[in-house]
Each structure stands twice: as structure tokens, then as C-alpha cells.
Amino acid sequence: MINQFIAQGNIGRKIDHEVSAEGKTTVKFSLCIQQHGKYKNNPIWIQCYADHRNGEFIYNNCKPGEDITVNGSIMYTKTQNGTYNWVYVKDVSVHWKGQKPLQEEDIQEPTAESVF
């Protein structure tokens with residue numbers, strides 16, 4: 001069975017960032033995907049989750065409104081309040097306008113100040 005999700009859109013208003021006691025970085029954000037034709041005024045909102053290097057990259061180098069492409073898997077979660085689907089991000093690409101894309105050596109590691 002194949003479970004692959006690829007979409008281009010814009011990061012929503014807030015990027016939630018957490019670092020666990022073990023130092024694991026997790027990032028949660030909404031991705032807004034614009035539709036076309038008669039549905040152009042009805043965007044699709046997808047909840048995304050990224051960890052490790054992808055989470056650190058998104059938190060340190062992206063901001064709300066940023067145009068990105070995510071590649072990941074659709075996941076399912078059941079809670080006391082119901083169930084929902086979300087995307088686990090395995091790869092991310094940022095579409096900077098007029099700027100040179102970041103290279104691996106440009107990625108900033110999170111600091112204690114950036115966490116809080």
C-alpha cells in the first residue's frame with residue numbers, strides 16, 4: 001500500500017514548536033492549499049507535523065505565509081474529542097522569491113532562547 005502526500009501551499013498563521021526533555025524537536029503547522037476554478041475562494045487546510053531536521057528547518061527558516069511544498073504521509077489520530085487526519089512531513093522545500101535557497105550549512109540549530 002502506498003501512502004504518499006505531496007502538496008504546495010502556504011504556512012498558516014502559527015508554527016508551534018516544542019523540544020522534548022530528550023532534545024527531540026517537533027513542529028506543528030497548518031498548510032493552506034489554494035483551489036482553482038469555482039472553488040478558488042475555498043482553500044483546503046491541512047494540519048502538518050514535522051520533527052528532527054525538517055522540524056528544525058521549518059522553525060528556524062520559515063514564517064507564516066511562506067510558500068512551501070511538503071512530501072509526507074497521511075496519518076490518522078483518535079482522541080477523546082474525535083478523530084482527525086494530518087500529514088507527517090518527510091521532506092520540505094521552500095519557494096523563496098528572489099533569494100538564494102538555503103544550503104545544508106546555512107541551517108541554524110535551535111537555541112534555548114529560540115525555544116521559549
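**Exercise 1. Determine whether Asp51 is buried or exposed.**

Solution. Asp51 has a relative accessibility of 7% and therefore counts as buried. Buried means under 20% relative accessible area, exposed over 50%, and partly exposed in between, with a 1.4 Å probe and protein chains only.

The model is predicted: local features need pLDDT of at least 70, side-chain atom pairs count only at pLDDT 80 or more, and totals for chains, interfaces and linings use all residues. Residues are numbered from 1 along each chain as its sequence is written, and side-chain values use heavy atoms, with hydrogens and water left out.

**Exercise 2. Identify the residue with which Asp51 forms a salt bridge, and state which parts the pair ties together.**

Solution. A salt bridge is a side-chain nitrogen of Lys or Arg within 4 Å of a carboxyl oxygen of Asp or Glu. The partner of Asp51 is Lys24, with the closest N and O atoms 3.9 Å apart. Asp51 lies in strand S3 (residues 44-51), while Lys24 lies in the loop between strand S1 (5-19) and strand S2 (25-33), so the pair ties together parts that are 27 residues apart in sequence. Strands (E, at least two residues) are DSSP runs, numbered from the N terminus. Lys24 is partly exposed, at 35% relative accessible area.

Key
Helices (H or I, at least four residues) and strands (E, at least two) are DSSP runs, numbered from the N terminus.
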